[in-house]
Amino acid sequence: MIVLDSSALIEAAVGGEARPGLLREIIGTELHVPHLLDYEYRNALRGMVLGAKISGKLAEAGLVFKKTMPIVRYTDEITGDRTWELRANFNPYDASYIALAERLGCPLVTTDAKMERGARTIEVRLY
């Protein structure tokens, strides 16, 4: 069981850089995410297409990839209060992943080095 942030899911689905172990980390694992992941994920794919970093076809494949993942989503009622408490060090998006990992007592998987550097209350696995 892990909390997976959008950056790691994007990298696993459509990333061009080799991140050894990332796919192995998430495939076959129960993934837990704050509800905002779906919007962040689509927004990232959109930005990559508009910035000509990936094709529309690859973005569509990325959407299909996400649908195959065993994702458990949590609402703001679960993470919102803690997310607010973390506001001095993290934006609300990043804080929601950290708050969820704290609540579930499991690692956070990300490609965001800033989250790894700042999170002190959880295990962060940076890819």
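This is a predicted model: local features need pLDDT of at least 70, side-chain atom pairs count only at pLDDT 80 or more; totals for chains, interfaces and linings use all residues.
Let me begin with the helices. Two packed helices are described by the angle between their axes and the distance between the axes, and I will give both for each pair.

The pair to look at to begin with is helix 1, which covers residues 6-14, and helix 3, which covers residues 37-50; their axes are 9 Å apart and the packing angle is about 50 degrees. That angle makes helix 1 oblique to helix 3, and the crossing of helix 1 past helix 3 is right-handed. If you want to find the contact on the structure, helix 1 contributes Ser6, Leu9, Ile10, Ala13 and Val14, while helix 3 contributes Leu37, Glu40, Tyr41, Ala44, Leu45 and Met48. Sorted by class, the residues of this contact are nine nonpolar, one polar and one charged.

Now please move along to helix 5, residues 76-85, and helix 6, residues 92-104, whose axes come within 8 Å and cross at roughly 115 degrees. Helix 5 is therefore roughly perpendicular to helix 6, and here too we have a right-handed crossing, with helix 5 passing helix 6. On the helix 5 side the contact is made by Ile78, Thr79, Arg82 and Thr83, and on the helix 6 side by Pro92, Ala95, Ser96, Ala99, Leu100, Glu102 and Arg103. The classes in this contact of helix 5 with helix 6 are five nonpolar, three polar and three charged.

Thr110 sits in strand 4, which spans residues 108-110, and it counts as buried because its relative accessible area is 0%, where the cut-off for buried is under 20%. A polar atom of the Thr110 side chain lies 2.9 Å from the backbone nitrogen of Asp112. Leaving aside residues up to four places away in sequence, Thr110 touches Asp5, Ser7, Ala8, Met115, Val124, Arg125, Leu126 and Tyr127.

The other residue is Glu25, which belongs to helix 2, residues 22-26. Is Glu25 buried or exposed? With a relative accessible area of 13%, Glu25 is buried. What does the side chain of Glu25 make a polar contact with? The partner is the side chain of Arg125, at 2.4 Å. Again setting aside residues up to four places away in sequence, Glu25 touches Ile2, Val109, Arg125 and Tyr127.

Notes. Residues are numbered from 1 along each chain as its sequence is written. Side-chain values use heavy atoms; hydrogens and water are left out. Helices (H or I, at least four residues) and strands (E, at least two) are DSSP runs, numbered from the N terminus. Buried means under 20% relative accessible area, exposed over 50%, partly exposed in between (1.4 Å probe, protein chains only). A polar contact is a pair of N or O atoms within 3.5 Å; within protein, one must be able to donate a hydrogen and the other to accept it, and residues adjacent in sequence count only if both atoms are side-chain atoms. Contact means heavy atoms within 4.5 Å. Axes are lines fitted to C-alpha atoms, for helices over the stretch in contact, and angles run from 0 to 180 degrees between N-to-C directions. Angles under 35 degrees count as roughly parallel, over 145 as roughly antiparallel, 65 to 115 as roughly perpendicular and the rest as oblique. A crossing is left-handed if the near helix is turned anticlockwise from the far one by less than a right angle, and right-handed if clockwise. Ala, Val, Leu, Ile, Met, Phe, Trp, Tyr, Cys and Pro count as nonpolar, Asp, Glu, Lys and Arg as charged, and the others, Gly among them, as polar.
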